[in-house]
2 protein chains.
Amino acid sequence: MATIPPPQALLRPLAVPQRLLLGPGPSNVPPRILAAGGQQLLGHMHPEMLQVMDEIKAGIQYAFQTRNRLTLAVSGTGHCAMEAALLNLLERGDTVLVAINGIWGQRAADIAGRLGAEVRELLKPPGEYFTLRDIQEGLARHKPSVLFITHGESSTGVLQPLEGLGELCHRHGCLLLVDAVASLGGAPILMDQQEIDVLYSGSQKVLSAPPGSAPISFSERAREKMLRRKTKPQSFYLDMGCLANYWGCDDKPRMYHHTAPINSFLSLREGLAMLAEMGLESSWERHRANCTLLCQGLRELGLELFVKEEAARLPTITTVRVPEGYAWQEITAFLMNKHSLEIAGGLGPSVGKVLRIGLMGYNSTKDNVDRVLGALRDALQRCRRSRL
Amino acid sequence: MATIPPPQALLRPLAVPQRLLLGPGPSNVPPRILAAGGQQLLGHMHPEMLQVMDEIKAGIQYAFQTRNRLTLAVSGTGHCAMEAALLNLLERGDTVLVAINGIWGQRAADIAGRLGAEVRELLKPPGEYFTLRDIQEGLARHKPSVLFITHGESSTGVLQPLEGLGELCHRHGCLLLVDAVASLGGAPILMDQQEIDVLYSGSQKVLSAPPGSAPISFSERAREKMLRRKTKPQSFYLDMGCLANYWGCDDKPRMYHHTAPINSFLSLREGLAMLAEMGLESSWERHRANCTLLCQGLRELGLELFVKEEAARLPTITTVRVPEGYAWQEITAFLMNKHSLEIAGGLGPSVGKVLRIGLMGYNSTKDNVDRVLGALRDALQRCRRSRL
């Protein structure tokens, strides 16, 4: 009865080349985490799996530095967690203030608009961050119920200071929603102390697990806003009430919600375990130290860092201006073809302006700093174009 | 600065027990697919990864028997594909008719309601299927723009006949949306010949890959309805316009959309490759034959099949009535504890009524039929309760 034949390309064996992934993610995954993800499956409701989920929850609470009970991993990538955060917090007509200094704010504004929220934007040029005064003016002017801000702006390499932000938002009756996809584990973030109401990240950055699951946590304030909703969230897959139950975050018996990505959860568990073994402070220090080495080396190559202020540089992803007389695509292609090494160009507002180098988790090592600097030195010699 | 200590449970090694998964999914994953998912990562925009995605697309076109260009895998589990289908097809105020004879129709109705659609329900008792006349009456009465129906009702074990359904829907100006999560590869489904407009499945059933990605395809009619939308879909993560571009289904250069679950895609590629190697007809026949053997054996044990009509039995998941004098939880617990073998109880409307036995993909073998029958024989001897 079938008439469309099997495709020839699928009848050839899968071949995956080895690359050193020093772009903005995904990063290379250590053998221990690959092994965890390559284990035989369990059912999504088996007691051993529920135990793994409890361990993931405890690992996220540690990584986020929170005691929030409503803490879990979303069954999707970091983007999916961004949607989960916005769609559970916002109802149609709610006002949300989105701090935009790169692609993630743009993305959040787009999603919030799709959900029917009233979106107000607070703008800064790419490469800059928001001061408390910027935020205060925005809160006073727009009176939002939620502020969205990006801790690690991976498109520009900016680290947003968080001190005082939660307190400021709460004085204005606003919840603080923070995107920490690119920064978690690479720079200090203390959810409870900093009064962050919703925090999410991804599995594939500092946690060094494959993409496919995403840690998220909600404060009691955020939980109360969700409990007061008049309408159901527009998604069942990401409905935090259902997910809270499946993850054992309420007092009810855990019930089937959806078939979870078991192997992604096994990998995430290992990524969180490796972070717990190393310790958060050591992880922060490791990323800071390797980033500093990288920045020194880049300057010695004559490259100009995109983020001027040292304290505002994201330790996981470093941005440099595309050097004059070069085409960024030629540099990234040269590194990939000649050195099997990935670095990236810009994204969104930074396209054409910067090169992005990621040193995250398993990949944040002195050896990788040396490798990428050596490869860049080679590229700068080989890819130079005749000046205009 | 961190004050919450690393959790002790995460400092112990991960231990995953071996189970034979003969429930409604996930199933056991063959070593070849586990190996594919355990490979080192590639970037989500690397040419080799785009090639894998092209191969996945061709594999789905073969498995679905479609030439639809808009064919891809969603970055989430089967549930996520259900949401992707509904949220891209429906706008607020659209009328959708949902055929409900088990949990999946209930779920689709819930999701469509969250999206603001006008939901009309067509009901049948669990264990029954819809005739063309049932559908025709529903279409004439409710004049929906979309009909949702489940091909393989995994909560009841019913296989819905699809012949003539597409043509009927199109005569009424309605699109046909079919859930084939539990049936794809196990029973014939011919998307183009049967005029199905949207079809989706999951990775973790007959395709024998881990959960975490989900094949989906849209007909030209469905694509046109999406192009006529007045509002953006409520999700960016699942916006089919963006996904179509990322998957190379339009004529524009492929652009970054989200970080895809790379390893899930590598596994899915292998699952589709194994189906292509075996051939669809052989896969259908294998599932039919093993299901027939299982049904014979179950009857010989004195068990009563839940779906009376042989042609209406889903070849991948077989339902039997919980035998009188037994508690279903004791049977499933006995099989897990004494035989390391999973079968499941009912779900949604079939809870307490049935036991569900899955024989899917890699797990659909004569040896597994013998193992589950032997284990059930043992359970029937050991778990009998005193009759009331």
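## Exercises on a two-chain model

The UniProt annotation "domain: Aminotransferase class V", from an unreviewed entry, covers residues 25-372 of chain A; such annotations may be inferred rather than shown by experiment. This is a predicted model, where local features need pLDDT of at least 70, side-chain atom pairs count only at pLDDT 80 or more, and totals for chains, interfaces and linings use all residues. Residues are numbered from 1 along each chain as its sequence is written, chains are lettered from A in the order written, and side-chain values use heavy atoms, without hydrogens or water.

**Exercise 1. Describe the annotated span of chain A.**

Step 1. Take the ends of residues 25-372 of chain A: their C-alpha atoms lie 15 Å apart.
Step 2. Take the secondary structure: the span is 40% helix and 15% strand. Helices (H or I, at least four residues) and strands (E, at least two) are DSSP runs, numbered from the N terminus.

**Exercise 2. Find how chain B is related to chain A.**

Step 1. Compare surfaces: 100% of the contact residues of chain B recur in chain A, so the same surface serves both copies (contact means heavy atoms within 4.5 Å).

**Exercise 3. Characterise the interface.**

Step 1. Count residues: 93 of chain B contact 93 of chain A.
Step 2. Take the area: the chains bury about 7900 Å² between them, 61% of it on carbon and sulfur atoms. Buried area is the accessible area (1.4 Å probe) lost on putting two parts together, summed over both.
Step 3. Count charged pairs: six salt bridges link chain B and chain A (Lys or Arg side-chain nitrogen within 4 Å of an Asp or Glu carboxyl oxygen).
Step 4. Inspect Asp110(B): it forms a salt bridge with Lys232(A), with the closest N and O atoms 2.6 Å apart.
Step 5. Find the main contributor: α9(B) gives the largest share of chain B's side, ten residues.

**Exercise 4. Trace a salt bridge within chain A.**

Step 1. Pair the side chains: Asp251(A) meets Arg69(A) at 2.7 Å, N to O.
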